[in-house]
Amino acid sequence: MNLLRELFETLRAFVAAVGAVTLFLVRVLGQAPRALVRPGLIVDQVHNVGALSLVIIMTCGLFVGMVLGLQGYDLLQRFGSEDALGTGATLALLKELGPVVTALLFAGRAGTALASEIGLMRATDQLTAMEMMAVDPIRRVVAPRFLGGAIAVPLLTVIFISIGIFGVQLIGVQQFGVDTAAFWSQMRASVDMNDVLEGVIKGCVFGVACSLVAVYEGYTATPTPEGVGRATTRTVVISAVLTLILDYMLTAVML
Amino acid sequence: MTDASEADSIVEIRDVHYSVGDREIFSGLNMTVPRGRITAIMGPSGTGKTTLLRLITGQIKPDRGVILFDGHEVPRLKRRELYALRRRMGMLFQNGALLTDMDVFENVAFPLREHTDLPESLIRQIVLTKLQAVGLRGAVRLMPSELSGGMARRVALARAMATDPDLLIYDEPFAGLDPISMGMIVRLVRRMNNALGLTSIVVSHDVQELAELADMSYIISGGKVVAAGSFGELRAHNSQIVNQFLEGLPDGPVPFHYPAPDYYEQLLADREPETANTSTGTGS
């Protein structure tokens, strides 16, 4: 009986949390048009969460591509299909690795920064002060950060994939001597617009999900040092799990 | 309450009840804040002074009772109406609550930029005027992290005044300040109130400063107003709790000891404190 009750309570808490996040998203989206009136705030946030994540995204993209090159070459040369390295690695980067790893890195680098920043604003009464100045913090603080994140992730995904393909090429063509023409021509022949679109759509969805988790956790953080710390941790954990679940669902739909 | 006094008041609180969980914070609170005066709200720690400010400003709603700001029933207002009302209020937080990613100038300009379409030159003039009034015109480009506690509160005061509100609310404005900063804040509150024709509510337990400052004072305890009037009237009050508070006596109706098991028994008992005798008192 206790187990059943605990299960029911857990389920109830989960449904309540999903409901709360959905209502929060509706509030944020409701304020988004007013936030868009001042694009400067959103551009600032794209810079904060996007441009400042470039180094980590590019570094990781390069190394993921290089590892993919090594593993892909090792696998394909067993079948004498080294020329297919460009196609295989590009599809892997476009459809899975690019969007997923970018989202995970975004959650770790920018998501935590967003959650802790908003949480600290709550803890130091800055959000209450805004409310007292008749300024809605959802419009002034949350919506620009949410939109900035949602815009930045697809852009970062494209950059990650591009650098990743360069990394594959570096290993496959430069190190192992795969024919350059075959590498690029097979890739161009086999990768179509739908594959590119799949990566971009995933990037957009993960961007919205990770940004939403970060701003929600920050905004609802308990206004104490422990509360902000917990919100930051939860941002990473929830974003990572949500990204992988959404990845499965999107893949199942788009395959 | 007479109609005349209502017309003369900017905030009216009638029979307000408010609880957090099982804990009753207010049980029938009544209060009137006269227009154009400085009203002090005092009381021992934990009596709900800050909660009262949050009720007046509509951050939380009472369980029952009426809270009027200039005739508008605050708890019944929709978000948009509440925000319209808050443009007529300014609030000074205990820690200043300055926006940490903006410098002093931008902090003071913030409400003007959010609520008006004033040209930049006019915003600059208003901001410099407000900062001059609090003596910090020279600190326009400092970041909040570069300000002392007293300076941060003065900047917050300039920001609260930026839109020329009708009511200024000060939450513990003297807490943690050195005597010089405290004296500055006292003088500023008085000067602003008189020069700008504001109404001020000051929540604090710094009796000396409030005695110098307040036109009207309330002492809250046990969820109700236990004394109201000028400082002279409060000093003449025969309530034990009022005397304890004004004289700063460590023990009295507000006990020094938090309710605890019997001291003697607890020291001798070979048991965990939680399982010990739960009778209250400090023991003999």
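**Working through the model**

Author: Let us start with one residue: B:Ser221 lies in strand S9 of chain B, which covers residues 216–221. Keep in mind that this is a predicted model.

Reader: Is B:Ser221 buried or exposed?

Author: B:Ser221 counts as buried, because its relative accessibility is 14% and the cut-off for buried is under 20%.

Reader: What is B:Ser221 in contact with, leaving aside its neighbours within four places in sequence?

Author: With those neighbours set aside, B:Ser221 has contacts to B:Thr47, B:Val226 and B:Ile241.

Reader: Now the sheet in chain B. In what order do the strands of the open sheet run?

Author: The order is S2-S1-S4-S5, four strands in an open sheet, with antiparallel pairing. Strand S2 (23–34) and strand S5 (72–73) of chain B are the edge strands, each pairing on one side only.

Reader: What do strands of a sheet pair through?

Author: Strands pair through backbone hydrogen bonds, and the pairing can be parallel or antiparallel.

Reader: How many bridges are there between S1 and S2 of chain B?

Author: Nine bridges join strand S1 (residues 9–20) of chain B to S2(B), in the antiparallel sense. To take one residue, B:Ser9 has B:Pro34 in S2(B) as its bridge partner.

Reader: Switching to chain A. How many helices and strands does it have?

Author: Chain A has nine helices and zero strands. Read from the N terminus, its elements go α-α-α-α-α-α-α-α-α.

Reader: What box do the C-alpha atoms of chain A fill?

Author: Along the principal axes, that box is roughly 65 × 55 × 30 Å. Chain A has 255 residues, and 47% of them are buried.

Reader: Next, rings. How many aromatic pairs does the structure hold?

Author: There are four aromatic pairs over all chains. One of them is A:Tyr73 with A:Phe176, which counts as stacked because the ring centres are 4.2 Å apart and the planes are at 10°.

Reader: Where do those two sit in chain A?

Author: They are in distant parts of the chain, 103 residues apart. A:Tyr73 is in helix H3 (residues 54–76) of chain A, while A:Phe176 is in the loop between helix H6 (137–175) and helix H7 (180–190) of chain A. A:Tyr73 is buried at 15% relative accessible area, whereas A:Phe176 is partly exposed at 32%.

Reader: What about A:Phe183 and A:Trp184?

Author: Those two form an edge-to-face pair, 5.0 Å from centre to centre and with 85° between the planes. A:Phe183 is buried, with a relative accessible area of 0%, and A:Trp184 is partly exposed, with 34%.

Reader: Which residues form one aromatic cluster?

Author: A:Phe24, A:Tyr216 and A:Tyr219 make up that cluster. The ring of A:Tyr219 also has the charged end of A:Arg122 sitting over it, 4.7 Å from the ring centre.

Reader: On to charges. How many salt bridges over all chains?

Author: The structure holds 23 salt bridges over all chains. Among them is the one between A:Arg12 and A:Glu9, at 3.3 Å from N to O.

Reader: How many residues apart are A:Arg12 and A:Glu9?

Author: They are three residues apart in helix H1 (residues 2–36) of chain A, so about one helical turn separates them. A:Glu9 is partly exposed, at 37% relative accessible area.

Reader: Which salt bridge does A:Glu198 form with a lysine?

Author: A:Glu198 pairs with A:Lys202, and their closest N and O atoms are 3.7 Å apart. Both lie in helix H8 (residues 193–219) of chain A, four residues apart, and both are buried.

Reader: Last one, from chain B. Where are B:Asp215 and B:Arg190?

Author: Their side chains meet in a salt bridge at 3.1 Å, N to O. B:Asp215 is in the loop between helix H8 (207–213) and S9 of chain B, and B:Arg190 is in helix H7 (residues 179–196) of chain B, 25 residues away. B:Asp215 is partly exposed at 24% relative accessibility, and B:Arg190 is partly exposed at 25%.

Key
Residues numbered from 1 in each chain as written. Chains lettered and ligands numbered in written order. Predicted model: local features only at pLDDT ≥ 70, side-chain atom pairs only at ≥ 80, totals over all residues. Heavy atoms only, no water. Pairing = 2+ DSSP bridges. Phe/Tyr/Trp six-rings, centres within 6.5 Å; stacked < 30°, edge-to-face > 60°. Buried < 20%, exposed > 50% of the residue type's maximum accessible area, 1.4 Å probe, protein only. Lys NZ or Arg CZ within 6 Å of the ring centre and 35° of its normal. Contact = heavy atoms within 4.5 Å. Salt bridge = Lys/Arg side-chain N within 4 Å of Asp/Glu carboxyl O.
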